[in-house]
Amino acid sequence: MHRREELVKRLVIGISGASGIPIAVGLLKEMKKRPEWETHLVITQGAQKTIAQESRFSCRDIEAMATKCYAINDIGASIASGTFHTEGMVVVPCSMKTVAGIANGFSENLLLRAADVTLKEGRKLVLVARESPLGSVHLSNMLSLAQQGVKILPPMLTFYNKPESIEDMTRHIIGKITDVFQVETMGFRRWA
Ligand SMILES: Cc1cc2nc3c(=O)[nH]c(=O)nc-3n(C[C@H](O)[C@H](O)[C@H](O)COP(=O)(O)O)c2cc1C
């Protein structure tokens with residue numbers, strides 16, 4: 001193996017069509033500050049709509065923030081195989097459709113396949129699952145995933161850290177995500 005490949009850590013990031021695109025953008029920016037990490041990004045068709053709705057960045061802008069990005073239908077991409085080593089995967093934001101797909105092994109696009117691979121290889125899988133209110137189908141799918149060791153990390157509001165802006169709230173969620181991978185988000189306020 002090449003020396004750089006031995007040292008580099010890879011994080012797969014999936015963006016699906018739930019509300020919360022600024023969290024995905026913030027995570028990509030945070031990871032980009034760390035040369036020892038690569039980000040491998042896949043964006044669903046649903047997310048293309050939420051990106052247009054919620055962000056000043058285009059899909060292309062967001063793709064340019066990642067080390068490498070993949071087309072959603074490129075089912076033969078490296079992240080579709082367990083032989084491609086990664087530290088794990090974050091789906092941020094994660095729609096209820098994507099939650100259902102992962103919970104049921106329905107790998108009909110590259111994001112779902114990469115999540116399935118992450119699960120079967122026993123790697124860390126974090127779902128920033130977002131819907132409100134949550135129905136019993138959503139909750140049952142998330143329970144099944146949590147029981148398999150998936151981290152369900154909904155983008156919930158937090159007030160104990162005294163946020164003064166949406167950016168503070170967003171950073172707090174990014175901090176919770178990066179914590180799973182032992183990466184410290186700058187400005188993340190812990191309870192002390
Ligand atoms: C502006 C907008 C916001 C949406 N927000 C959510 C959401 O928060 N949670 C959710 O589960 N679906 C949400 N949806 C619906 C999903 O985008 C839709 O179910 C889509 O098919 C999900 O597909 P994907 O998971 O492959 O991206 C939203 C759709 C739009 C257009």
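Me: How many cavities of 30 Å³ or more does the structure hold?

Reply: Welcome! This is a predicted model, where local features need pLDDT of at least 70, side-chain atom pairs count only at pLDDT 80 or more, and totals for chains, interfaces and linings use all residues. Residues are numbered from 1 along each chain as its sequence is written, while side-chain values use heavy atoms, leaving out hydrogens and water. On a 1 Å grid over the protein atoms alone, a cavity is a set of points where a 1.4 Å probe fits but cannot get out, and at 30 Å³ or more the number of cavities is one.

Me: Which helix gives the largest share of the lining of the largest cavity?

Reply: A volume is the space filled by probe spheres set on grid points joined across faces, edges and corners, and for the largest cavity this is about 40 Å³. Lining residues have an atom within 4 Å of a point; here they are V12, I79, S81, F84, T86, A114, V117, T118 and R123. Helices are DSSP runs of H or I of at least four residues, and strands are runs of E of at least two, numbered from the N terminus. The largest share, three residues, comes from helix 6.

Me: How many of the residues of helix 6 are buried?

Reply: Buried means under 20% relative accessible area, exposed over 50%, and partly exposed in between, with a 1.4 Å probe and protein chains only. Helix 6 runs over residues 110–120 and is mostly covered. Its buried residues include A114, V117 and T118, and these also line the largest cavity. Of the 11 residues in helix 6, the number buried is eight.

Me: Which residue caps the N-terminal end of helix 6?

Reply: A polar contact is a pair of N or O atoms within 3.5 Å; within protein, one must be able to donate a hydrogen and the other to accept it, and residues adjacent in sequence count only if both atoms are side-chain atoms. At the start of helix 6, a side-chain oxygen lies 3.0 Å from the backbone nitrogen of L111. Beyond the other end comes G122, with a positive phi near 70 degrees. The residue giving the capping oxygen is N109.

Me: Which helix gives the largest share of the shell around the ligand?

Reply: The shell has 15 residues, with G17, T44, S95, T98 and R130 the closest; a residue counts as near if one of its heavy atoms lies within 4 Å. The largest share, four residues, is from helix 3.

Me: What volume does the largest pocket have?

Reply: A pocket is an open set of points with protein on both sides within 12 Å along at least five of seven lines. P22, G26, K29, E167 and T170 lie nearest the centre of the largest pocket, among 14 lining residues. Helix 2 (21–32) and helix 8 (166–180) are the elements giving two or more residues to this lining. The space in the largest pocket is about 370 Å³.

Me: Which helix gives the largest share of the lining of the second largest pocket?

Reply: The second largest pocket has a volume of about 240 Å³. Nearest its centre are I23, P155, L157, T170 and I173. Helix 2 and helix 8 each supply at least two lining residues. The largest share, five residues, belongs to helix 8.

Me: Is K162 buried or exposed?

Reply: K162 sits in the loop between strand 6 (151–152) and helix 8. Its phi is positive, near 55 degrees, though K162 is not a glycine. Because its relative accessible area is 59%, K162 counts as exposed.

Me: What is omega near for the peptide bond from S132 to P133?

Reply: Most peptide bonds are trans. The bond from V92 to P93 is cis, with omega near -10 degrees, and P93 is in strand 4 (residues 88–94). P133 is in the loop between strand 5 (124–129) and helix 7 (136–147). The bond from S132 to P133 is also cis, with omega near -5 degrees.
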